[in-house]
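I opened the file to look up a few residues one by one. My notes follow in the order I made them.

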Amino acid sequence: MSQAESGNEESFQPTDTMREIQHYFATTATASSWITSISVATVHFGAPVGSALSAYFGHRPVVMSGGLLSSIGMVAGSYAQDLLQLYITVGFLTGFGYALTWTPTVTMLGWYFEKRRPVANALASTGECILTFILTPSFQFMVDQYSWRGAMLILGALQLNLCLCGALLRPLNRHVPPKELEEKEHELELLSQPHIDSRSSNNRSDSKKLDPLKVKIIRYVDYTLIANARFMVYSMFGVFAALGFFAPSLFLVPYARSQGVEEYQAAALMSISAVLDLLGRVLFGWVANLRLVKTVHQLIITVILLGIVLLLGPLATTFTQLALFSAGYGLVFGATVAIHITVLAEVVGVERLGSALGFFMLIRSSGGLLGPPLAGIFIDKMSDYGTGFLMAGVALLVSALFLLVLQQMNKKGTGKGKDVNLENGKGHEDLKHRNFNFRKS
């Protein structure tokens with residue numbers, strides 16, 4: 001269950017439940033949206049922990065532990081007596097459980113496939129689309145029959161299936177060679193001290209061997225990624241994309257209800273979005289696998305289109321118009337989610353994907369934490385759920401600017417590693433060659 005990576009995935013509570021909780025505790029949309037925000041932020045902050053634990057203990061036991069923890073959090077949340085208890089149980093416990101399941105699973109998927117990685121990522125993520133299509137109307141029925149507490153209790157039981165999924169992971173041993181670790185550490189030192197002359201840096205490289213403790217640290221948490229300029233630019237894309245990913249799936253049903261759409265018709269909008277989301281992931285994952293265009297170019301196009309679709313969202317006021325909006329949103333959203341992990345693997349290399357996912361999620365956490373509350377503030381101030389879509393659309397268009405910067409860096413071959421080499425003159429030709437090999441890894 002890859003619930004930590006996309007907009008639909010990041011809405012840990014179905015929108016029907018969020019609305020019922022808001023009414024039950026007589027609170028605002030902003031206050032209830034913090035449940036989702038804490039879950040999202042915990043997933044992001046916990047991603048490096050999940051990556052490090054899976055590198056030490058193995059991916060299978062970590063994923064199984066995460067599934068159990070997410071189930072406990074959801075079940076405990078069904079007995080919550082106030083919002084604070086929901087923040088702790090559904091927000092923190094379930095979110096941390098998702099962090100322990102998602103990061104190791106996506107890392108293993110990147111290891112399993114190479115040539116067909118875009119299609120593999122797309123197909124693996126379609127499970128959530130199928131679940132959303134089935135669960136959204138089912139959850140509305142469960143809320144009506146058993147209240148939001150009973151619905152969350154059932155959802156908590158379903159989370160135990162994550163333990164079974166973790167048990168089916170086939171372990172692989174893909175550690176970075178010690179020699180390569182030393183090259184990464186040396187590069188980080190040069191980037192942090194660009195004033196070092198070429199002769200002293202070469203002598204230092206030859207005479208100094210990497211501390212065994214540092215080798216262990218880099219093996220589990222590759223902190224040298226902070227010296228990778230392309231990775232940091234891509235992480236900033238993730239921050240602004242996170243601002244826009246979460247709000248639509250959180251506020252689509254309440255917006256439809258505010259426009260006079262019937263309850264079950266409003267819930268059906270999520271199912272329509274999920275079906276087109278599924279189609280978008282499979283179709284555009286397959287297109288990415290054909291290598292007709294660079295994957296980052298494809299991602300730029302889909303992110304811009306997604307932002308435009310969200311900006312047009314408030315114009316939809318009838319069920320037919322909302323159904324068309326949901327279909328367009330689902331299709332372009334699926335196209336975006338299908339390839340953005342593939343782009344990350346291309347930026348850092350598959351061997352570093354585990355640590356990269358952890359740091360990427362950690363950096364992106366600010367967007368995940370602020371997205372729903374910001375949308376909730378606009379909604380409370382304007383008394384219009386449509387303003388949440390406007391905020392999300394603007395954030396996604398801003399995120400596309402960072403992808404354009406990344407594309408230019410790829411085109412011109414820039415980045416800190418190369419800048420340091422140019423500053424230190426021709427004596428760094430060997431380091432250029434090593435940095436090139438390092439980026440290919």
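**Entry 1.** I started with Asn-228 and found it in the loop between helix 10 (212-220) and helix 11 (229-258). I kept in mind that this is a predicted model.

Next I looked up what the side chain of Asn-228 reaches. The answer is the backbone nitrogen of Arg-230, at 3.1 Å. I also listed the residues that Asn-228 touches, leaving out those up to four places away in sequence: Val-347 and Arg-352.

**Entry 2.** I went on to backbone angles and stopped at Ser-147. Its phi is positive, about 75°, although Ser-147 is not a glycine. Where does Ser-147 lie? I placed it in helix 6, which covers residues 117-159. For Ser-147 I read a relative accessibility of 33%.

**Entry 3.** I looked up Arg-291 next. Arg-291 is not a glycine, yet it has a positive phi of about 60°. I found Arg-291 in the loop between helix 12 (263-290) and helix 13 (295-312). The relative accessible area of Arg-291 is 42%, and I noted this residue as partly exposed.

Methods: Residues numbered from 1 in each chain as written. Predicted model: local features only at pLDDT ≥ 70, side-chain atom pairs only at ≥ 80, totals over all residues. Heavy atoms only, no water. Helix = DSSP H or I, 4+ residues; strand = E, 2+ residues; numbered from the N terminus. Polar contact = N/O pair within 3.5 Å; in protein donor to acceptor, adjacent residues only side chain to side chain. Contact = heavy atoms within 4.5 Å. Buried < 20%, exposed > 50% of the residue type's maximum accessible area, 1.4 Å probe, protein only.
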